[in-house]
Amino acid sequence: THFINPIPPNYIVISQLTEIDKNIDIILKTKPLTKKIYMVLGDSINERNIEKPILEAENKYSDKVKFVLLNKLPYDEMIKVIKNAEEDSVILYFRWYSDVNGKSFIPAQVIQTICQEAKVPLYGVSMQYIGSGVIGGYVGNQELVGQTAGGVALDILKGKKLPDNRIVYASSRIYIFDWRQLKRWNIDENKLPAGSVIQYRERSTWELYKGYIIGAFILFILQA
């Protein structure tokens with residue numbers, strides 16, 4: 001992590017591990033025919049910090065899948081690449097605050113555009129994007145980060161010694177998926193990691209009206 005402004009001596013950094021490997025693993029497990037992964041990442045100062053672990057993951061998975069990092073493209077060119085992505089590819093969306101030309105964007109709006117334009121599955125790494133058209137993945141949950149920060153604050157108030165390196169790593173990620181997108185892309189729920197959270201699950205007619213159906217059936221028997 002790079003800090004722009006000087007930090008006072010008595011500080012604690014709540015750090016979130018990117019854990020790109022787990023998202024690559026879930027992509028290859030749920031879409032095993034994937035040959036290429038388009039990495040959507042902007043070019044702001046903070047976003048550049050993610051580039052290194054992506055390149056490290058690229059070396060690790062070089063014999064399984066090809067990575068295409070889009071952080072050095074202008075926004076319009078990035079969208080064009082995404083729109084023309086091959087059938088055996090998927091998209092992994094990190095964030096897009098700024099493009100290579102320094103133009104600023106709202107990441108939530110960027111992902112909405114990508115969902116409209118892309119013809120291949122789209123995975124994400126942040127909880128806030130679930131429901132926008134993203135399948136899901138091993139995503140960051142800011143609520144868990146807040147819980148970690150609160151725990152650190154309580155430890156300080158209790159007089160506990162701060163860690164020497166001043167960094168506390170938050171357990172900030174969970175497996176979460178959009179049921180509608182799983183169905184859209186024919187992904188078997190049995191391929192998901194144990195304990196995965198499934199959102200937006202649509203209830204069947206039986207689940208919604210089983211009380212009425214059972215009641216009507218009993219009434220029919222009694223009348224007969």
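A cavity is a set of points, on a 1 Å grid over the protein atoms alone, where a 1.4 Å probe fits but cannot get out. Grid points are joined across faces, edges and corners, and a volume is the space filled by probe spheres set on the points. The model is predicted: local features need pLDDT of at least 70, side-chain atom pairs count only at pLDDT 80 or more, and totals for chains, interfaces and linings use all residues. Residues are numbered from 1 along each chain as its sequence is written, and side-chain values use heavy atoms, with hydrogens and water left out.

The count comes to 1 cavity of 30 Å³ or more. The largest cavity has a volume of about 50 Å³. Its lining (residues with an atom within 4 Å of a point) consists of C115, A118, V120, L122, G133, R184 and W185. These divide into 5 nonpolar, 1 polar and 1 charged. Here Ala, Val, Leu, Ile, Met, Phe, Trp, Tyr, Cys and Pro count as nonpolar, Asp, Glu, Lys and Arg as charged, and the others, Gly among them, as polar.

A pocket, by contrast, is an open set of points with protein on both sides within 12 Å along at least five of seven lines. The second largest pocket has a volume of about 210 Å³. It is lined by 18 residues, and K31, E87, D88, S89 and P121 are the closest to its centre. Its lining holds 7 nonpolar, 4 polar and 7 charged residues.

The protein has 7 helices and 9 strands. Helices (H or I, at least four residues) and strands (E, at least two) are DSSP runs, numbered from the N terminus. Buried residues (under 20% relative accessible area, 1.4 Å probe, protein chains only) make up 38% of the 224 residues.

A nonpolar core is a set of buried Ala, Val, Leu, Ile, Met, Phe, Trp, Tyr and Cys residues joined through side-chain atoms within 4.5 Å. The largest has 25 residues, of which I24, I37, M39, I54, F67, L92 and F94 touch the most other members. At least two residues each come from α1 (20-30), β2 (36-41), α2 (45-60) and β4 (89-95). The most come from α1, which gives 5. Another core lies apart from it, with 21 residues, among them Y75, Y93, C115 and V120.

Contact means heavy atoms within 4.5 Å. Leaving aside neighbours within four places in sequence, F67 is in contact with I24, I37, M39, I54, A57, E58 and Y61.

Notes: Buried < 20%, exposed > 50% of the residue type's maximum accessible area, 1.4 Å probe, protein only.
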